[in-house]
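Please examine the structure shown below. The paragraphs that follow consider its pockets and then a single residue within a strand.

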Amino acid sequence: MGHLNLPASKRIPRNWRLLDLVSAAFFGIVILFFLLVFTPLGDSMAASGRQALLLSTNADPKQRHRLVALVEQGQHQQPIEACPADAVDHMPCEDPRRNSQLSREMNFYRERHCPPPEETPLCLIPPPDGYKIPVPWPESLEKIWHSNMPHNKIAERKGHQGWMMLDGPHFIFPGGGTMFPDGAIQYIEKLGQYIPIGDGVLRTALDMGCGVASFGGYLLSKDIIAMSFAPRDSHKSQIQFALERGIPAFSLMLGTRRLPFPAFSFDLVHCSRCLIPFTAYNATYFLEVDRVLRPGGYLVISGPPVQWANQDKEWADLQGVARALCYDLIAVDGNTAVWKKPAGDSCLPNQNEYGLELCDESDDSNDAWYVKLKKCMSRTSSVKGEYAVGMIPKWPARLTKPPARATLMRNGVDVFEADTRRWARRVAYYKNSLHLKLGTSAVRNIMDMNALFGGFAAALKSDPVWVMNVVPSRKPSTLPVIYDRGLIGLYHDWCEPFSTYPRSYDFIHVTGIESLIKHPSTGKNRCNLVDLLVEMDRILRPEGTVVIRDSPEVIDKIGRIAHNVRWTASIHEKEPESHGREKVFVATKNFWKLPSASN
């Protein structure tokens with residue numbers, strides 16, 4: 001048989017031989033080696049690999065556990081990696097991507113839902129590109145840096161109502177709101193016709209659905225401190241703007257659970273177009289407002305349904321529920337209604353069309369950490385002593401007078417007075433010997449992570465600051481005393497992330513940090529100090545200060561971890577007048593940034 005001759009261009013190429021494949025692989029490895037060693041690509045890939053290791057928590061929880069252990073033991077030499085750039089505003093327990101899959105009933109999906117630790121990335125939240133040290137108080141009440149939170153949605157949608165506007169490199173805040181477009185100052189003056197504002201009778205307020213918290217911001221000049229809250233929602237960053245302005249605020253949704261406050265805390269509860277359906281679900285939301293409102297306190301609702309078009313039934317129902325609880329309707333001024341809460345339980349049980357009843361005597365009305373809302377009225381008789389508005393001392397006398405609820409603890413009055421004296425000494429030591437920035441324009445927003453009676457906050461009364469007093473949910477419930485003395489705070493479990501945005505606080509203080517992670521009965525760790533310090537770093541501003549008081553052994557542990565969270569730290573002796581074995585750990589959060597994409 002003859003052979004078929006093809007043109008050279010149509011000949012079948014020969015197969016690769018083994019030697020050819022080996023040679024190609026060798027040269028490929030050599031080229032890759034030079035790329036990794038002698039070009040920035042190698043550094044980039046290494047960093048990406050380390051970050052992937054830190055962020056791939058779902059893939060291998062054991063690996064995350066090993067990393068935590070290395071950091072705790074001081075064997076992880078490099079700082080913990082930075083989170084990705086799109087995580088600059090990350091709130092672990094209010095993550096829309098995670099929570100959007102949950103039930104919409106009673107806004108359950110907008111409440112806090114925390115991922116388990118093994119699903120939480122072990123990384124440090126970076127500041128946004130262009131971040132600057134915040135505008136100091138009180139200038140921050142009216143303007144902040146746009147680059148610190150470049151979210152224009154509220155300015156675009158609410159600027160005509162005076163919420164906020166973009167002005168060059170700043171957001172400016174004219175002080176308006178949907179129900180007070182002419183400004184919070186005029187609105188507060190109007191309310192002053194019906195409620196005692198500015199004479200010390202009212203001190204603590206709760207502003208529900210606060211927007212950018214202008215109402216709370218301008219109440220401060222009247223010596224009224226408002227806890228402002230709003231959920232993370234489509235407006236984006238309402239609470240973040242409020243905190244950047246130096247106004248007390250907290251991310252929160254009134255949904256299926258009690259608010260994280262004790263009973264009878266607030267002298268004033270305010271809703272300006274908060275759109276809470278107070279009479280829905282058998283008036284459950286109104287009953288929760290009643291639980292946290294101090295007897296003799298005031299409730300102000302502006303906006304729907306108060307004399308609102310096409311909401312006659314809702315307005316009638318709201319008045320009916322208030323009557324059933326014996327609230328006194330003081331005034332209806334346009335779309336604003338003002339009620340005064342009665343001073344006792346004398347109203348219920350009464351027959352009423354809403355079937356409202358008193359809670360069982362076994363109900364602890366102060367129990368408010370992950371507790372479901374209850375369709376009953378909290379008993380004021382469950383609390384002994386005088387604590388109604390008008391019966392407790394006016395501000396500022398109430399700050400230092402032991403309140404009736406302090407007596408619920410063994411030797412409570414003595415402990416309260418000793419705590420007040422102790423913190424006056426300690427704060428003086430912080431300022432005069434440790435030269436901390438307390439009392440300067442560098443510090444406005446402060447958190448006390450383990451507040452007891454709020455003695456640390458009380459010692460800062462003359463400083464231009466506000467303090468978020470946190471009472472750990474597994475410790476004795478001293479938060480009612482904090483509110484009775486005219487301070488604010490909430491319950492929290494420090495084995496979970498806090499419900500605030502990154503970079504919320506200038507100064508974080510904690511006494512007995514290891515007690516926050518231990519089980520009170522067994523003494524075993526429920527979580528770890530590495531995750532806790534990473535969370536503290538998340539909510540601390542660049543160049544912010546951390547002060548931790550604990551035993552020398554615990555302070556040594558904290559010192560080993562501090563390097564990994566990029567803090568510059570020093571350890572000091574306690575003040576001479578104090579007893580015990582405490583050391584004082586002081587750290588500054590370094591102002592680091594993500595490398596730019598071009599680098």
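A pocket is here an open set of grid points with protein on both sides within 12 Å along at least five of seven lines, and its volume is the space filled by probe spheres set on the points. The model is predicted. Its largest pocket has a volume of about 900 Å³.

Which residues lie nearest the centre of the largest pocket? They are H90, P92, P115, T120 and P121, out of 40 residues that line the largest pocket. Two helices, α4 (96-99) and α15 (529-539), each contribute at least two residues to this lining, and α15 gives the most, with 5 residues. Sorted by class, the lining of the largest pocket comprises 21 nonpolar, 6 polar and 13 charged residues.

The second largest pocket has a volume of about 640 Å³. It is lined by 36 residues, and G209, D233, R273, C274 and L275 are the closest to its centre. Two or more residues of this lining come from each of α7 (214-219), β5 (225-230) and α9 (280-292). The classes here are 20 nonpolar, 11 polar and 5 charged residues.

Attention may now turn to T204, which belongs to strand β4 (residues 204-208). Is T204 buried or exposed? T204 counts as buried because its relative accessibility is 0%, and buried means under 20%. A polar atom of the T204 side chain lies 3.0 Å from the backbone oxygen of S265. Apart from neighbours within four places in sequence, the residues in contact with T204 include S265, F266, D267 and L268, as well as Y483, G486, L487 and I488. I225 is also in contact with T204.

Definitions and conventions
Residues are numbered from 1 along each chain as its sequence is written. This is a predicted model: local features need pLDDT of at least 70, side-chain atom pairs count only at pLDDT 80 or more; totals for chains, interfaces and linings use all residues. Side-chain values use heavy atoms; hydrogens and water are left out. On a 1 Å grid over the protein atoms alone, a cavity is a set of points where a 1.4 Å probe fits but cannot get out, and a pocket is an open set with protein on both sides within 12 Å along at least five of seven lines; lining residues have an atom within 4 Å of a point. Helices (H or I, at least four residues) and strands (E, at least two) are DSSP runs, numbered from the N terminus. Ala, Val, Leu, Ile, Met, Phe, Trp, Tyr, Cys and Pro count as nonpolar, Asp, Glu, Lys and Arg as charged, and the others, Gly among them, as polar. Buried means under 20% relative accessible area, exposed over 50%, partly exposed in between (1.4 Å probe, protein chains only). A polar contact is a pair of N or O atoms within 3.5 Å; within protein, one must be able to donate a hydrogen and the other to accept it, and residues adjacent in sequence count only if both atoms are side-chain atoms. Contact means heavy atoms within 4.5 Å.
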